Amino acid sequence: MSHARFSSGVAACLLVCHSVAAEPLTAAALAEARALRERALADDTAYELVRSLTTQVGPRLAGSPGDAQAVAWSVEKLKALGFSNVRAEPVTVPRWIRGEASAEITAPWPQPLAVVALGGSVGTPAEGIEAEVVPVATLDELKAQPRERIAGRIVFFTARMERSRDGSGYGKTVPPRGVGAAEAARLGAVAMVMRSAGTSVSRTPHTGAQRWSDGIPPIAAFALSNPDADMLEQQLAGGQPVRLRVRGTSRWDGEAQSANVIGEITGHGLKDEVILLGAHLDSWDLGTGAHDDATGVGIVTAAARLIADARPRPRRTIRVVLYANEEFGLSGARAYATAYRDQADKHVLGLESDLGAFRPYGLAARVAPDKLPLVRSIQSLLEPLGVAYAGTEASGGADVGQLRLLGVPVMDLETDAEPYFDLHHTANDTFDKVDPQLVRLNVAAYAVIAYLAAQAEGGFGRLPVAAQPTR
């Protein structure tokens, strides 16, 4: 587009659209949002939901009995809290059995190691696998190795996750967890171990999902705790060959039925338009999934419930979606995006809570450019909570991000990820780590955002449709 055409288009939009865009939020809506914020800071509905989900249901691995119990629990809780249109929409999920796992250095100095199987791993032979260890830091380093260096050996990924408030260290270290075993198998490795993709300094390994490539026979894959990865590296640094024995009984067990659990606070005036608040209902099985993602379930549910009592009432419908199987491949998110693809234009905004209940510090948005002033207006009411404007690179999160691909605007409430990645995917992710004050802060932020999004004249525009979600 030429500069002249662009300039004239901007001028025309300013003239024609000014009356709609100038005041998207009424004084009454802003006043109620402030009051809602204060009510949320004194409300423990979310905290009690987290307590209930983690203690009465517990671990919720996709396809497990705990997963089915969580679906029933969610339907019961949403109905008891007064949500409308509560339903469990079926989702087919994979079923994987963790079994048992062990690892030990056998030479040059024997030492048992703290280890867990990675999600989706196959088992070893009953007697285990013993082989020499080959250390590599990254996938690229592995791919550069000659086959004869890897074949018949155990590959050890050594990269350490760096602590950071924004969690960026996770994205840098997690790729070997996803496909490291497959790439090692491609070169003839007999097993894979990795330093945990997490920051815990205890002997508590972090699990997580992995993926396989067609045509490559799978090998067993494990995560070591950070102290045990240090121990293995120290032995390797001695210059002598290091041998490791690993054993595992993990296996796949077909598929099972789970569900996305949905409840709504019906809008008044624009009830067919949706503000979606998402969290995932499943969890890993080592702990009780307190921060990943029972807190998210509690936060979005409590925020929507508070909005139900707001005056003026929300114009748009607030829809809570508790997604199935985020951890093992986004089964629920993909199913929801497929089922509601034809209604994507009715989804005005999506938000997701899936980074635990820690201190919020930023609000990022991905909306139509002319709607950024509206985002800043919403963020200004979050300033008392310590939430600054964080730019335009919102992703929507793993689950709600599937709707972003369909053009749905999204916002991210950014929270302190440093403590989160100490607990993430470990046996330590339990209810005692949940701070009720931080839960309230998160509920207050989500309630303000969702309520003002439900009231805003004109919404947030549309995003480019990047791709269709796959099943």
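1. A cavity is a set of grid points where a 1.4 Å probe fits but cannot get out, and its lining residues have an atom within 4 Å of a point. In this predicted model, the largest cavity is lined by Ser-283, Trp-284, Leu-286, Gly-287, Thr-288, Gly-289, Asp-292, His-425, Thr-426 and Asp-429. This lining comprises two nonpolar, six polar and two charged residues, and the space within is about 50 Å³.

2. Two cavities of 30 Å³ or more are found in the whole structure. Helix 4 (65-80) contributes the most to its lining, namely four residues, while helix 10 (290-307) supplies at least two. Five residues of this lining are nonpolar, two polar and one charged; among them are Leu-49, Trp-73, Lys-77 and Leu-322.

3. Eight strands form an open sheet with mixed pairing, in the order 3-2-9-5-6-7-8-4. Strand 3 (111-113) and strand 4 (115-117) are the edge strands, each pairing on one side only. Neighbouring strands are turned by 30° against each other on average, direction ignored.

4. Within this sheet, strand 2 (residues 101-107) pairs with strand 9 (residues 243-248) in the antiparallel sense, over six bridges. Ser-102 stands opposite Arg-247 of strand 9. Helix 8 (residues 175-186) packs on the sheet, touching strands 6, 7 and 8, and its direction makes about 150° with that of strand 7.

5. Regarding confidence, the mean pLDDT of the chain is 94, with 94% of residues at 70 or more. Over residues 1-21, however, the pLDDT is below 50, and this stretch has three contacts beyond near neighbours in sequence. Where pLDDT is low, the predicted coordinates should not be read in detail.

Terms used:
Residues numbered from 1 in each chain as written. Predicted model: local features only at pLDDT ≥ 70, side-chain atom pairs only at ≥ 80, totals over all residues. Heavy atoms only, no water. Pairing = 2+ DSSP bridges. Axes fitted to C-alpha atoms, helices over the stretch in contact; angles between N-to-C directions. Contact = heavy atoms within 4.5 Å. pLDDT = per-residue confidence, 0-100. 1 Å grid on protein atoms, 1.4 Å probe; cavity = no way out; pocket = protein on both sides within 12 Å on 5 of 7 lines; lining within 4 Å. Points joined across faces, edges and corners; volume = space filled by probe spheres on them. Nonpolar A, V, L, I, M, F, W, Y, C, P; charged D, E, K, R; others polar.
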